There are 2 protein chains.
Amino acid sequence: MEPRFSARLTALQASPIRQILAVANRPHMISFAGGLPARECFPSFDLKVPPAVLQYGPTEGDDALRERLCEDLVQLGLPVTTDQIVILSGSQQGIDLVAKLFIDAGTCVASESPTYLAALQVFRFFGARFAPFTPADVENGNPFRERPAFAYVIPTFQNPTGYCYSDAERKALSRACDRETIPVFEDDPYRDLAYDPCDRRPVCAYLQKSPWIYQGSFSKTLAPGLRLGFLAASQMFVPHLVRLKQAADLHSNRLSQWLVLDALKHPDREARLAAIVEMYRRKRDTFDRVLHEYFSDLAHWEKPRGGLFFWLQLKVPIDTRLLLDSTLAHGVAFMPGEPFYVGSSPQPTATLRLAFTHASESEALSGLKILSAQLRRFRDEACVTNRALSHP
Amino acid sequence: MEPRFSARLTALQASPIRQILAVANRPHMISFAGGLPARECFPSFDLKVPPAVLQYGPTEGDDALRERLCEDLVQLGLPVTTDQIVILSGSQQGIDLVAKLFIDAGTCVASESPTYLAALQVFRFFGARFAPFTPADVENGNPFRERPAFAYVIPTFQNPTGYCYSDAERKALSRACDRETIPVFEDDPYRDLAYDPCDRRPVCAYLQKSPWIYQGSFSKTLAPGLRLGFLAASQMFVPHLVRLKQAADLHSNRLSQWLVLDALKHPDREARLAAIVEMYRRKRDTFDRVLHEYFSDLAHWEKPRGGLFFWLQLKVPIDTRLLLDSTLAHGVAFMPGEPFYVGSSPQPTATLRLAFTHASESEALSGLKILSAQLRRFRDEACVTNRALSHP
């Protein structure tokens with residue numbers, strides 16, 4: 001007799017991230033796939049751990065870290081007190097908790113499309129339907145055709161598009177949510193990686209009426225291996241989120257909390273962050289130059305003003321999942337665009353995401369060269385096939 | 001307009017652990033409440049972290065740690081290979097993942113009663129109904145009145161009772177599950193804390209047909225603050241569990257994985273474990289002696305052969321949740337028995353759980369003295385009330 005799985009389990013597909021990263025980690029593979037920070041950016045921790053840190057701790061997180069984060073969030077314009085802050089085992093956990101808070105089978109979630117695929121995966125697992133919106137819908141003032149349980153948004157250096165909302169767009173989105181008291185779930189892991197001047201005030205800071213959940217991460221500016229993030233939320237959500245957190249993993253790693261607090265307080269913090277930003281800016285500029293060299297006739301893209309990703313809209317309507325199979329065979333990984341869209345249809349979107357932060361300059365050069373060559377081959381074959389089809 | 005929460009959120013009650021520990025952590029409070037290891041038992045880590053450990057890692061966990069755990073589990077009699085092992089962010093996470101795997105609204109879960117209350121909380125959150133069983137039901141050979149989606153069991157030094165199944169009972173349980181191919185979820189966080197000789201072979205090691213999930217923890221013998229545990233499972237469950245893990249928090253803390261592997265490989269590992277066991281055995285014996293001094297006329301209990309807890313069955317049918325209010329006012333915390341039972345009724349069970357591993361000898365002495373005095377006061381008042389009621 002076969003075990004009976006939960007009904008929602010059938011909604012949980014094999015993750016494309018997982019499958020790709022499994023291949024991308026092979027030796028000699030140049031990976032543009034995962035959003036990995038550069039190893040050279042990691043701090044060298046001075047590890048003298050106080051023994052208290054090894055004991056069980058509070059579900060909400062250690063007070064000293066929450067107090068410090070509260071100060072930083074108030075600086076960003078969020079009206080918070082320390083008791084509104086919950087430390088997370090990485091911001092992926094925030095997505096799981098918020099999904100548990102709101103989503104039943106059939107619950108409507110408003111989301112950008114494309115957006116962070118592992119958020120879509122979790123929302124879908126709990127039974128969400130999606131009401132997609134774009135920054136253009138936001139500017140038109142009416143992004144929601146149906147009242148959603150909440151709106152999920154990454155306004156700053158979005159994953160995968162790299163888009164950064166202007167202040168006008170941030171205000172328009174907050175007004176649209178306030179109008180119907182729609183809760184906002186703002187995911188903000190990339191905000192510190194800004195390479196050009198741009199608006200970064202949280203959407204949640206503009207809200208007048210809607211309750212909100214804002215989350216951030218230490219994976220991008222400190223170290224992903226520490227698995228630490230945080231959320232701040234309207235008072236009405238906090239007790240629920242804390243209970244959900246406790247049921248999920250009791251509390252977050254205290255060694256990581258201690259190390260992160262130490263890093264946040266370190267006198268070199270600003271200088272360290274500035275050095276990372278400078279290094280990533282250089283990588284981005286090199287990447288953009290190489291893209292212009294090899295992809296001008298193949299794709300459109302905007303040079304991202306921050307974050308980790310270039311988002312390419314190809315000029316030929318090919319399925320980038322098939323392209324991936326062929327570039328992997330040549331040692332180059334990237335992320336096909338399809339799984340970032342809310343639709344679950346296998347429609348090819350002719351989009352792809354390139355992380356520029358991890359590869360070295362020479363890897364970027366040779367990897368993009370291989371990718372463009374494979375893309376050209378696909379385009380030419382597609383042309384041949386199309387011509388063959390139209391002149392049988 | 002109020003936010004609409006998920007239907008299952010109403011099932012998630014405020015956790016009694018949380019509320020009690022919040023009070024129990026106040027200065028000068030003697031706590032018998034939480035299952036906290038003694039701080040003196042923590043290792044002093046030699047922290048020279050390789051930078052690779054700070055990067056994102058595989059969802060299943062780091063290979064070297066999984067390989068090492070696999071060797072240990074094969075020694076215990078579990079038929080596993082490395083690819084069947086998943087590293088968890090503490091074994092609480094295993095409960096969340098297994099609940100997601102199996103439980104829809106109304107799904108039947110077989111469970112001991114009383115049992116680990118935070119497991120009941122998670123199962124209930126996902127919509128489980130419970131089919132309770134006792135070790136006595138197991139010995140009678142027919143513990144399941146209804147076919148459950150899985151059977152949850154803590155056979156070794158159970159939380160809260162401290163009970164340890166005999167080999168005969170372990171075999172009987174595995175036969176009962178095999179008969180109807182009922183998946184077994186075996187939770188085994190206390191197995192290394194054995195103070196007297198007893199059977200500890202996993203129930204899963206006896207299964208012939210049923211698929212299974214076995215989980216363990218490093219919180220009890222290394223350090224809870226590291227938030228690290230693991231599970232091993234039948235091949236059919238592994239891909240599902242890995243996807244659920246990824247959706248929950250991408251992967252577990254890699255610094256903790258590295259530290260735990262280091263501790264498992266350390267030449268002093270056995271000696272360190274033996275010293276912890278010897279220290280806890282002494283604490284248990286002292287605790288038992290003090291209990292005999294103050295509680296002989298108040299309660300029944302078995303001296304536990306391992307684990308962290310004494311489980312007291314009181315001779316007077318009082319509500320220990322009310323008793324707790326009064327002992328807290330005198331600076332003593334314990335865990336009332338009620339929330340460990342599968343029923344959600346507020347029926348008083350006249351049971352309570354005392355963790356003996358955290359308090360010092362003098363704290364145990366004064367704390368148990370206060371607890372017994374309060375209990376006596378309750379008993380005498382109850383007698384007065386009863387007499388007043390029967391002779392109005």
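Where in chain A does Pro114(A) lie? In this predicted model, Pro114(A) is placed in the loop that runs between strand E3 (108-112) and helix H4 (117-125) of chain A. The peptide bond that joins Ser113(A) to Pro114(A) is cis, with an omega of about 10 degrees. A cis peptide bond is also found from Asn159(A) to Pro160(A), where omega is near 15 degrees, and Pro160(A) belongs to the loop between strand E5 (150-153) and helix H6 (167-179) of chain A. A further backbone feature concerns Ala350(A), which has a positive phi of about 55 degrees although this residue is not a glycine; Ala350(A) is located in the loop between E12 and E13 of chain A.

In chain A, four strands form an open sheet in the order E9-E10-E13-E12, with antiparallel pairing. Its edges are strand E9 (299-300) and strand E12 (335-336) of chain A, each of which pairs on one side only. Strand E9(A) is joined by two bridges to strand E10 (residues 309-314) of chain A, and the two run antiparallel; within this pairing, Ala299(A) stands opposite Leu314(A) of E10(A). Helix H9 (residues 269-295) of chain A lies across E9, E10 and strand E13 (351-355) of chain A, and the helix runs at about 15 degrees to E10(A).

In chain B, an open sheet is likewise formed by four strands in the order E9-E10-E13-E12, and the pairing is antiparallel. The edge positions are taken by strand E9 (299-300) and strand E12 (335-336) of chain B, each pairing on one side only. Two bridges connect E9(B) with strand E10 (residues 309-314) of chain B in the antiparallel sense, and His300(B) stands opposite Gln313(B) in E10(B). Helix H9 (residues 269-295) of chain B packs on this sheet, where it touches E9, E10 and strand E13 (351-355) of chain B, and its direction makes about 15 degrees with that of E10(B).

At the level of domains, the assignment for chain A gives domain 1 (7-40 + 270-390) and domain 2 (50-265). The contact between them takes 31 residues from domain 1 of chain A and 33 residues from domain 2 of chain A. Together, domain 1 of chain A and domain 2 of chain A bury about 2,900 Å² between them, and 65% of this area is on carbon and sulfur atoms. Across the same interface of chain A, twelve residue pairs are found in polar contact, both residues being at pLDDT 80 or more. Helix H1 (16-24), H9 and E10 of chain A each supply at least two residues to the side of domain 1 of chain A that touches domain 2 of chain A, and H9(A) gives the most to that side, with seven residues.

Charged side chains were also examined. Side chains of opposite charge can pair when their charged atoms come close. Between domain 1 of chain A and domain 2 of chain A, the count is one salt bridge. Arg284(A) forms a salt bridge with Asp196(A), in which the closest N and O atoms are 2.7 Å apart. Another salt bridge is made by the side chains of Arg68(A) and Asp72(A), at 3.6 Å from N to O; both residues lie in helix H2 (residues 63-75) of chain A, four residues apart, which is about one turn of the helix. Over all chains, the structure holds 42 salt bridges.

Key: Residues are numbered from 1 along each chain as its sequence is written. Chains are lettered from A and ligands numbered from 1 in the order in which they are written. This is a predicted model: local features need pLDDT of at least 70, side-chain atom pairs count only at pLDDT 80 or more; totals for chains, interfaces and linings use all residues. Side-chain values use heavy atoms; hydrogens and water are left out. Two strands pair if DSSP finds at least two bridges between them. Contact means heavy atoms within 4.5 Å. Axes are lines fitted to C-alpha atoms, for helices over the stretch in contact, and angles run from 0 to 180 degrees between N-to-C directions. Domain bounds come from an automatic or database domain assignment. Buried area is the accessible area (1.4 Å probe) that two parts lose on being put together, summed over both. A salt bridge is a side-chain nitrogen of Lys or Arg within 4 Å of a carboxyl oxygen of Asp or Glu. A polar contact is a pair of N or O atoms within 3.5 Å; within protein, one must be able to donate a hydrogen and the other to accept it, and residues adjacent in sequence count only if both atoms are side-chain atoms.
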